[in-house]
Amino acid sequence: QLDLLWTRKQNVMYNLFDWPTQKHSKLIILAIANTMDLPERIMMNRVASRLVCPSTLLFRIWDCSMIVQRCVALPLVCLLILAKLFPQLFGNVQVAALSGDARRCLDICRRATEICELARQKRTPEIVRMAHVTEAIDEMFSSPYVNAIRNASLHEQIFLKAILAEFRRAGVEEATVQQIYHHHMALCRMEGLQSPTVSEIMAICSRLGACRLLLVEASSKYLHTRVRLNLGQDDVMYALREE
């Protein structure tokens, strides 16, 4: 996943795309990225120049009905299909609306099956029901990190929303505090809240870093400090949507 190989000097990307250009090289690079225009948006010229005859194939994000379609096609998951189970599960913001990631959906189905199997060993046989799916969802998203987000202050939660907004805008899972601050102020205006000062935003970032919700660059550059999430974006969105 090319987004995750991004560095400030882009040395990793440069070396990767330089290998196929070497004499007698038989290497072909197939790269996947979350950003449709990644070469134009974030690649330096020296890196983009290494792309030999690049061709791009766009994959549309899976919506609720597409995820259900794929799951129904799998024999194991066919056992889970009840008349009301899938509309309740995938029509809910807990899964499909988060990212369209079918892997998370299949993980939930697999865990729901395991929970049902354990219950079957203790009492009379039964099929997978919505209660098993709900238990699987709660189990998957109930982590110390999710609980920490739910117990965070209002501005700490807004800061996390601002991080997600910047990641979606840039297509890269790393940002500076300054970039996040712009989104934070915009969200505050939407909510009719007073925007925090620079020192307050740095304190918010430090607290989230101390909780290990964020990975904060050890730096004295203040607003230019780089920040990453220490958990998946799905988990952050799930915790914030619950709020």
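Start with H132, which counts as buried because its relative accessibility is 7%; buried means under 20% relative accessible area, exposed over 50%, and partly exposed in between, with a 1.4 Å probe and protein chains only. Before going on: this is a predicted model, where local features need pLDDT of at least 70, side-chain atom pairs count only at pLDDT 80 or more, and totals for chains, interfaces and linings use all residues. Residues are numbered from 1 along each chain as its sequence is written, and side-chain values use heavy atoms, with hydrogens and water left out.

H132 sits in helix α9, residues 130–141. Helices (H or I, at least four residues) and strands (E, at least two) are DSSP runs, numbered from the N terminus. Which residues does H132 contact, leaving aside neighbours within four places in sequence? They are A112, I115, C116, E126 and I127, where contact means heavy atoms within 4.5 Å.

Next, the helix pair. Two packed helices are described by the angle between their axes and the distance between the axes. For α12 (residues 177–191) and α13 (residues 198–210), the angle is about 110° and the axes are 11 Å apart. α12 is therefore roughly perpendicular to α13. On that scale, angles under 35 degrees are roughly parallel, over 145 roughly antiparallel, 65 to 115 roughly perpendicular and the rest oblique. The axes are lines fitted to C-alpha atoms, for helices over the stretch in contact, and angles run from 0 to 180 degrees between N-to-C directions. From α12, V177, Y181 and H184 meet V198, I201, M202 and C205 of α13.

Now the inside. The largest nonpolar core has 36 residues, and F159, L160, I163 and L214 touch the most other members. A nonpolar core here is a set of buried Ala, Val, Leu, Ile, Met, Phe, Trp, Tyr and Cys residues joined through side-chain atoms within 4.5 Å. α11 gives the most to this core, 6 residues. Domain 2 (64–141) and domain 3 (148–240) both give residues to this core, so it lies between them; the bounds come from an automatic or database domain assignment. I163 touches I180, L214, V227 and L229, not counting residues up to four places away in sequence. A second, separate core of 9 residues includes L2, W6, L16 and M43.

Overall, the protein has 14 helices and 3 strands. Of its 243 residues, 37% count as buried.
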